[in-house]
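Trainee: I have just opened this entry and would like to learn how to read it. Could you take me through it step by step?

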Amino acid sequence: MLTDYPRLRAILLRVAQAIPVVIGVVVISFLLTRALPGDPAVYFAGVAADEASIEQVRITLGLDKSMAQQFVIYVGNLLQGDLGQSLSSGRPVATDLANRLPASLELTLTALLLAVVIAVPLGVLAATRPGTWVDHVCRVLVTAGVSLPTFFTGILLIYIFYYLLGIAPSPLGRLDFIYLDPDHVTGFYLIDAALMGDWETWRGAAKQLILPASTLALFTLAPIARMTRAAMLTALSSDFIRTARAAGLSSSLVLYRYAFRNALLPVVTTLGMVFSFALGANVLVEKVFAWPGIGSYAVEALVVSDYAAVQGFVLAMALLFVALNLLIDLLYTAIDPRIGFSSK
Amino acid sequence: MSAAGASILPFLRAMPAAAQGSDTLVVVTGATINSLDLHRTGTSRASYQVGINCYDRLLTFGTKEAPGGGLSYDYTDVQPELAESWTESEDGLTLTFKLKSNATFWDGRKVTAADVKWSFDRAVSVGGFPTVQMKAGGLERPEQFIAEDDETFIIKLDRASKLTIPDLAVPVPYVINSVEALANATEEDPWALDYLHLTPAGSGAYKVARWTAGEQLVYERNDDWVGGPLPATKRVIIREVPSPATRRALIERGDVQVAFDIPDKDAAELAETLDVFSTPVENCIHCLCPNFAFEPFQDADVRKAIAYAIPYEDIFKAAAFERGLPMWGGEEEINDIAWPRKTQYYTDLDKAREHMAKSGYANGFEVPLSISLDLASWMEPTALLVQEALGKIGITVEIEKIPGANWRTAVLVEKRLPLHLENFGGWLNTPDYYFFWAYQDGHLFNSSNYRNEEIEELVNATLHMPMDDPEYAPKIKRMFEIALDELPRIPLYQPALNVATNGAEGYEFWFHRQLDVRVLKSV
């Protein structure tokens, strides 16, 4: 029985709570795409279209039907797992997303990992040594990260490391043209290449990742470092730390076992938020580095009013965030067992 | 290679440069190739290059020196591609083509007249852009196309037209391997649109070795090509790089050999260190269009006042970085039939004020000037300069920016923008064809809602008339005279297509403004 597994029950409950959200997203994305300016029939009829050929295209695309009919058809297809056909790429939206989402995720997750590896220790150091040079470095990095737009950082990094110094590879997307893509397993080139044991391609893919991931990491580093620093300061000044210190526990034990663990909760929350806006900031990074990700796909689809592609993108993102929030909730309980599911 | 290119040579890493070798060229472009089949609904402009590089047409154009350096296609020189020869019947209504007997598709099967017929039937039947373009040459119904025997293909025309032969050399009427296509056609998809979208089946100079939408397209040479001289380059990689700054870094470093369709500003700056070709786009003009559906613009003096107020020189510098050709300050008298031609207008505020005073709007008026956000690179500086200039003659202009997806609908379909910037370039390079699209009532690019009975008659009379007909030139001159006096479109300048090369030569400009990779070779 489910009651015997409170955690499983709680997870299922959380998943069930996501269902109305997904339904809402389906309805709203459908309505919003229809509210987009521009007439896809006119656009896709091409440069020299006349009225008859525009009408012909409208019928081919099913845009001559009423909104309600179009919605029923859309939901019907959706229930069969069919996200529709993208007009601009001429392929099923599901295929497009499957090809492009891993590219964006690989970039975003690498950047996030990089940001965490730098920002968390930096935040901890800054909190334990307020007012010293470490604190100042932290402040400068945070300010730079927040105030520099990603496309600017991207172009600057290309200019220095590729154009002037020549140590970075050509900013030509996920792989230079001399490599072949690894076989598609997860869509993450680093993982797929490793699975094939093709370390040459793995290195190629990793090299291409360095500049765009650094660009994005610089952007995401700021909130993580700030939040770590603030949370650590709060934790360090709280009563239980004072008690622990008074009890004569070693300072590293106090710092890592008690203070840091307590400071982790807000940091994880911030990570969730940062992940979502990093995916957004991706669009510009993808443009600059010719990265074939989901951001550029969605923007192009928006520009030409490619309904199915936009809807598919919104839906995929919604599912991703639902899953992410679930993951963060689970992480909470792992970090702080006092947060139980029974209370929800 | 230029001096600046040479100075960075020591830093070039061995990796891509060595791997490329001289038989591979890399091209970067900002546009997305979204289909390998031009006939499909929704195929982007950038995809037209696949139609050129992978498929053959019956005919093609020759080559000439381009203004602005480099080579260009030659509209006046029609050459055979898949056809070996062709004849026209006396009345001009029957065209008979003899196909090259050694032409084969990639799968080794001989190219037959039946393939040509199937491909032409497809182009006139699928609707949308290909059908409209075929119609321009009088090619409208499958019954017009006859496969007489394996090597003889006949076209029956309803009327003789000088546009038919050139229309056979545009990217649309390409010849598809009909046997392969039909093997992959279904009942719902009799023209194999789904199959050819991803899998080209042609006889052209290059095959598609690899295509990843949004990333790259790799062409591989077809060594059995008979449509023209065998290309020098074995593999050509077309890589999509959306950011112009990144494209510029790549071409300057020499990691790629061609940067296609670069911004005017980059072209002007790169021209000092690299080979940059800025070819004025034939039959294409950037215009300011006053819309006749709005009262002030029905007043001829208002239109002339605007034409004299426009700061042409400044616009050409700020919007085009002097790439392209000026379209102002020409002779009033019309002595030839070359189009685009310089107008008789130039910047003269006194004259502009005189015309305003004479008009029914001596006290001026307010009007929005609409521009497209997608074309902001030239429209925005132009609009700002026009706004400032018109302010000096009492016309208060507010700039209205319209999102790209909405622009076509607003400007060309609904034709509801009172004053706007627009550009049109015709594939068939004759003045009457330009006038047919841009000055005849109700036609797509006549975004000014202009109607003049004499223009209607003149265009109808000249559209299919041979250019050496004695009546042709006088009628065309009369057409220019009316249009430049009435000014439904005020020409600003002729734009250029910019291409930078670093380690490649042989670049040739085409009216379809896509890259013909067949002529490129590395140096």
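**Reading the model together**

Mentor: Let's begin with one pair: Asp432(B) and Lys162(B) are both buried, where buried means under 20% relative accessible area, exposed over 50%, and partly exposed in between (1.4 Å probe, protein chains only). Before going on, note that this is a predicted model, in which local features need pLDDT of at least 70, side-chain atom pairs count only at pLDDT 80 or more, and totals for chains, interfaces and linings use all residues. Residues are numbered from 1 along each chain as its sequence is written, chains are lettered from A and ligands numbered from 1 in the order in which they are written, and side-chain values use heavy atoms, leaving out hydrogens and water.

Trainee: What do the side chains of Asp432(B) and Lys162(B) meet in?

Mentor: Here is the general idea: side chains of opposite charge can pair when their charged atoms come close. A salt bridge is a side-chain nitrogen of Lys or Arg within 4 Å of a carboxyl oxygen of Asp or Glu. Asp432(B) and Lys162(B) form one, at 3.0 Å from N to O. Asp432(B) sits in helix H16 (residues 431-438) of chain B and Lys162(B) in the loop between E7 and H6 of chain B, so the pair ties together parts that are 270 residues apart in sequence. Helices (H or I, at least four residues) and strands (E, at least two) are DSSP runs, numbered from the N terminus.

Trainee: How many salt bridges does a search of the whole structure find?

Mentor: Over all chains, the search gives 37. One of them joins Arg248(B) to Glu269(B), at 2.7 Å from N to O. Arg248(B) belongs to helix H9 (residues 244-253) of chain B and Glu269(B) to helix H10 (residues 264-270) of chain B, so this pair ties together parts 21 residues apart in sequence. Arg248(B) is partly exposed, with a relative accessible area of 22%, and Glu269(B) is partly exposed too, at 34%. Through shared partners, salt bridges join Arg248(B), Glu252(B), Lys265(B), Asp266(B) and Glu269(B) into one network.

Trainee: Now the nonpolar side: which residues touch the most other members of the largest nonpolar core?

Mentor: In soluble globular proteins, nonpolar side chains tend to be buried together. A nonpolar core is a set of buried Ala, Val, Leu, Ile, Met, Phe, Trp, Tyr and Cys residues joined through side-chain atoms within 4.5 Å. The largest one here has 148 residues, and Phe97(B), Ile155(B), Leu288(B) and Phe435(B) touch the most other members. A second, separate core has 99 residues, including Phe30(A), Ala111(A), Ile158(A) and Ile294(A).

Trainee: And what is Phe97(B) in contact with, leaving aside its neighbours within four places in sequence?

Mentor: Contact means heavy atoms within 4.5 Å. Among the partners of Phe97(B) beyond those neighbours are Leu58(B), Trp86(B), Phe153(B), Ile155(B) and Leu168(B).

Trainee: Is Thr164(B) buried or exposed?

Mentor: Thr164(B) counts as buried, at 1% relative accessibility. This residue has its place in helix H6 of chain B. Leaving aside neighbours within four places in sequence, Thr164(B) is in contact with Leu95(B), Gly137(B), Leu139(B) and Leu157(B).

Trainee: What does the secondary structure of chain A come to?

Mentor: Chain A has 13 helices and 0 strands. Its C-alpha atoms fill a box of roughly 85 × 60 × 40 Å, taken along the principal axes. Of the 344 residues in chain A, 48% are buried.
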